Amino acid sequence: MRAPTDSKIAAGDVLLAIENVSLSFGGVRAIRDVSFDIRKGEIRAIIGPNGAGKTSMLNVINGFYTPQKGRITFKGKTRNKMRPHDAAAGGIARTFQNVALFRGMTALDNIMAGRTLRMRRGLIWQLLRFGPAMEEEVEHRRFVEEIIDFLHIPHIRKVQVGRLPYGLQKRVELGRALAMEPDLLLLDEPMAGMNLEEKEDMSRFILDVNQHFGTTIALIEHDMGVVMDLSDRVVVLDYGVKIADGTPAEVKSNQDVIDAYLGVAH
Amino acid sequence: MKARSTRGKIREDSAVAKHAPAEADTFPKLLIHNARVRGDRVAMRHKDLGIWQSWTWRQVLDEVQTFSAGLAELGLKRGDKLAIIGQNKPRLYWAMCAAQALGAIPVPLYADSVADEMAYVLDHAEITLAVAENQEQVDKLISVSDRLPKLGHIVYDEPRGMREYDPKRLIWIDDVQKLGRKRLEHLTESKAWMDGVIAGQGSDLAIILYTSGTTGRPKGVMLSHTNVLVSARNGNLFDHLGEDEEIIAYLPLAWVGDHIFSYAQSYAAGYCVSCPEAPETVVEDRREIGTTYAFAPPRIYENLLTLTMVRMEDAGPLKRRVFHYFINFARRWGEKILNRERVPLYARLIYKIGDVLVYGPLKNRFGLSRIRIAYTAGEAIGPEIFRFYRSLGINLKQLYGSTEASVYITAQPDGEIYADTVGKPNLDVDIRIADNGEVMFKSPGVFQGYYKDPERTGETKTPDGWVHTGDAGFIDAKTGHLKIIDRAKDVGKLSDGTLFAPKYIENKLKFYPNIREAVAYGDKRDFVCVMLNIDLVAVGSWAERNNVIYGSYQELAGHPLVYDMIAKHVEEVNRSLAGEGPMAGAQIRRFLILPKELEADDGELTRTQKVRRGFIAERYQPLVTALYDGSKEADISTEVTFEDGRKGKIEARVAIRDVQTVPVPAAMGKAA
């Protein structure tokens, strides 16, 4: 559907590297000296019990938090301080644990909003609604329609998002993130609050996104079955420390992971 | 053909192109004819990525021809069976003609059937090649393919998610067409293709349609090109359908109704068929197209009406009053105006105002603003629902047909519409009523037989060509129309001899938006009992307005206030039955509300959503017993199948209510 925006990194190479990252809020040490990497084209899961620092980790990756220590290398460039919009411009998109959409706008407009960063015409042209701005809009609309088709949501194209059931809102949110054509897609608990059927649908969409668009995906998820089925590699955090990293099978048989989930005293 | 033509395109002077429609006795020949006489008219539309894409007859011919040649390249040949599985997509319709051009026989399957059901048909029909819409259908095919040694290639329409499959076995339609194009480049091959089309005859098998059947295994109804074509042409003549009609194809491909309306009649009349974007967008898509001819089972009309009524209850008081005033007005005068009867001027004026304020917008909502003819068939429609649509000025008519007849048996001519008849025999159709009251017919559409089942063919079709419909009915003396009472085998008698027609009672109950499904029992019993399904949308909205709190379908279904409300409906039905002569004795004494919805996946409904009364009686045996032994409640535990095929259990205590019946003089209602 599109050419990768950065052709220098081939599938399987490291797309994002986290090295010795630590993050604390006052006295609370949310992440302690964690290192791992995300390779291009894979589905990478970040799991761990409640309060393990998973969402903090995601916020570090997309620039919402700046870690006190450590180094983050994205697409071969080391970055120090960045803001979320820099991350977005740099090719990182995300969805949220609790849906964050424009509730009064239609599903179509919400997903179109994801194209904003790729629109080049200025405000004046946009207001005129003809010429280059119109052409640009048509082009973006076509891309958005492909996403709508991809996520099986043509029937809600023109429905206000606030009126949609939760499972569909989640899908629209995924659509908006996809509209950015990200190099790295961060999903914060994509299955939270879903019933079994919705979970199965969402799993299939995540796999399809990974396969069809070649998008690298990092996801946080509680549902172990889902994680084990979906991901290529899993990193496990507990109390801000990395306790395991490997394939789902390796992680599943790791004693530290079992202890963390069953709650052994520390 | 001149040597210059390498693509096997149909030239105007070729033998087939000269066929007049009457000589175009097969669908591929008819397609070639259409491409010649109306080549630039739009034949098919499909909404894709939010935009209507269209194909002219000439383009359709090109698509079908390349597809067909590609299938030949994959090994499909005369007499082979090609399965077609999926929703209404242009390329699935083209697959039918592509197969027919080779002399192969298309076998469409219900897209929502589970893999097991599919396996039976695929095996029985000896399918060698399958065309599937998408990954979902391909997955089902693959899951049962080890049971189907004959099945070779699987051709798919939607490439999404198909990367990891065996590329030797699976092939995308685009690639099939590429193969076809290449093959047609050879003059000998393109000539061979054309010769194949010319060799086809009206008496060849055109299609095998498997009927879901209320009992037993599905039967493969074999129809010839002549069967389908003559039936379609007669249908077109009957309703004066021409190339300007617009229809939307949204019913299952495996249903004979869709095959006639969206394929055969379109080919015969040359009108355009539009495929919706997704099953969920049909109403909106229909509105955009502005269909002139429509066809739907009663359920579709019921659902539209229920949805409207529920939404109106949520509207503001002013809107609600305006709505109810004009709807009541339309009930009184609308049908008379539609039937061109004499109507006072003031009524016409107020009806016009109503048309601007209510009827027009409502028809627009339904996507029926431009409708010329709308049929309801497949099952009896509630008279109130029927009259409602007609009162709005929608020319809704009834039709009686079957797969074995290539649809048409009887239909209502314009201007002769009655809520309780199914019309007059269609062109070339003869009807007679057997001694046991069963309706029998004979027509050019009469099927060739059930595939590989001479025994059941013999039971249904007499040697001189009469077909048993299995329905009990009579010809109304006043109108000359056929009236259907019920399935012949379902019409029973209470133990005191009173006539008991379960479908008749069920339809009366289902008229209420709150009641989604009803199953009546009474044959050889002392009195009539019913089991009901509430309609979650309608009752849910009622619960919201009445502060009834519930956590699940099961809880809502068992709520005492819901029982009170439903009991009122049942009593109304009894009052209505009391006024209907022979039916008066079969009033409902007791009822219960089932804790789960009746589902086709659990085998309780057929795939065309008809209730399977016998099966339900077995499955809910403790409830049926309790209905008749006077208990106030009963326990039931039953298995449910979820949409993904896994199974679960539902356990519930179900309350049983007695309802008042209306006394009738003892002499009435008894069978003589």
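Analyst: The questions and answers that follow concern domains, a helix, a chain contact and confidence. This is a predicted model, in which local features need pLDDT of at least 70 and side-chain atom pairs count only at pLDDT 80 or more, while totals for chains, interfaces and linings use all residues. Residues are numbered from 1 along each chain as its sequence is written, and chains are lettered from A and ligands numbered from 1 in the order in which they are written.

User: How far apart do the C-alpha centres of domain 1 and domain 2 of chain A lie?

Analyst: Domain bounds come from an automatic or database domain assignment. In chain A, domain 1 covers 1-91 + 184-195 + 216-266, and domain 2 covers 99-181. Their C-alpha centres are separated by 27 Å.

User: How many residues of domain 2 of chain A are in contact with domain 1 of chain A?

Analyst: Two residues are in contact if their C-beta atoms, placed from the backbone, lie within 7 Å. Domain 1 of chain A contributes nine residues, and the number from domain 2 of chain A is eight.

User: Where do the buried residues of H11(B) lie, seen down the axis?

Analyst: Helices (H or I, at least four residues) and strands (E, at least two) are DSSP runs, numbered from the N terminus. A residue is buried if 20 or more other C-beta atoms lie within 10 Å of its own, exposed if 12 or fewer, and partly exposed in between, with C-beta atoms placed from the backbone; in H11(B), the residues B:Pro298, B:Tyr301, B:Glu302 and B:Leu304 are buried. The arc is that of the directions from the helix axis to the C-beta atoms. The buried residues of H11(B) fall within an arc of 165°, so they line one face of the helix.

User: Which helix gives the largest share of the side of chain A that touches chain B?

Analyst: The contact takes 12 residues from chain A and 11 residues from chain B. On the side of chain A, the elements that give two or more residues are helix H5 (132-150) and helix H7 (196-212). The largest share, five residues, comes from H7(A).

User: What is the mean pLDDT of chain A?

Analyst: The predictor's confidence in each residue, from 0 to 100, is called pLDDT. Over residues 1-7 of chain A pLDDT stays under 50. In chain A, 92% of the residues reach 70 or more, and the mean pLDDT is 85.
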